[in-house]
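This report is meant for a reader who has not seen this structure before.

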Amino acid sequence: MTTSATARRLRGFSGAGYDKGRGLLTQAAWFAVLNLVFMKWWFPPRLRPPLLRAFGAHVGQRVLIRHRVRVQWPWKLTIGDDVWIGEDAWLINLEPISIARDVCVSQGAVLCTGSHQRRSPTFEFDNAPISVEEGAWVAARAVVLRGVTVGKGAVVGAGVVVPRDVPPGAVYTTRGVG
């Protein structure tokens, strides 16, 4: 296999194609609320969904969001009814993340809509949305990468990295498709 290294010139990074979706004041306000209140163990879980809604998220009913959950931009987040999001989950939503109803995103799971063009000398963004369909489970410390749809009722097992779509009902584990 022949590979050619790309000479990085990160100083030229432009960030083209990435719209944060809100102005600097809203971004700063969310950053402060996220780090000073939202992620804290003492902040009641029942108040996390209304707080996300206040910043533009669409959040259904009976949603449980545990402490230490990080959400990059709430205004790019949609969560259906009866969703559980476990401690230390990280929703890096540079692009929209859509989580349907009856989904479990377990402890330490990462949903990451952001990436970079590996062949770009200035490492420009290569972002895409993520969709987790009804009844799916993203288990502990699993990673779902940009542009992926986790199909209805699918399971992404603990520690699995998912770079492409997971078909409905499929079970991906560290041992492969089960």
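A residue is called buried when its relative accessible area is under 20%, exposed when that area is over 50%, and partly exposed in between. The model described here is predicted.

Ala140 has a relative accessible area of 27%, so this residue is partly exposed. Ala140 belongs to the loop that runs between strand S11 (137-138) and strand S12 (143-144). Apart from residues up to four places away in sequence, Ala140 touches Ser106, Gln107, Ala158 and Gly159.

Strand S8 (residues 104-105) pairs with S11 in the parallel sense, over 2 bridges. Cys104 has Trp137 in S11 as its bridge partner. Strands of a sheet pair through backbone hydrogen bonds, which can be parallel or antiparallel.

In soluble globular proteins, nonpolar side chains tend to be buried together. The largest nonpolar core in this model has 48 residues, and Ile85 and Ile99 have the most contacts inside it. Among the elements that give two or more residues to this core are helix H1 (24-38), helix H2 (48-54) and strand S4 (77-79). Beyond its neighbours within four places in sequence, Ile85 is in contact with Leu64, Ile65, Arg66, Val69, Ile79, Leu91, Ile99 and Val105.

**Rings and charges**

The count of aromatic pairs comes to 6. One of them joins Trp42 and Phe43 edge-to-face, at 6.4 Å centre to centre and with 85 degrees between the planes. Is each of these two residues buried or exposed, or partly exposed? Trp42 is partly exposed because its relative accessibility is 46%. Phe43 is buried because its relative accessibility is 10%. Ring pairs also link Phe13, Tyr18 and Phe125 into a cluster.

Two arginines are placed over aromatic rings, as listed below.

| Charged residue | Ring | Distance from ring centre |
|---|---|---|
| Arg48 | Phe38 | 6.0 Å |
| Arg70 | Trp90 | 3.7 Å |

Notes:
Residues numbered from 1 in each chain as written. Predicted model: local features only at pLDDT ≥ 70, side-chain atom pairs only at ≥ 80, totals over all residues. Heavy atoms only, no water. Helix = DSSP H or I, 4+ residues; strand = E, 2+ residues; numbered from the N terminus. Buried < 20%, exposed > 50% of the residue type's maximum accessible area, 1.4 Å probe, protein only. Contact = heavy atoms within 4.5 Å. Pairing = 2+ DSSP bridges. Core = buried A, V, L, I, M, F, W, Y, C linked by side-chain atoms within 4.5 Å. Phe/Tyr/Trp six-rings, centres within 6.5 Å; stacked < 30°, edge-to-face > 60°. Lys NZ or Arg CZ within 6 Å of the ring centre and 35° of its normal.
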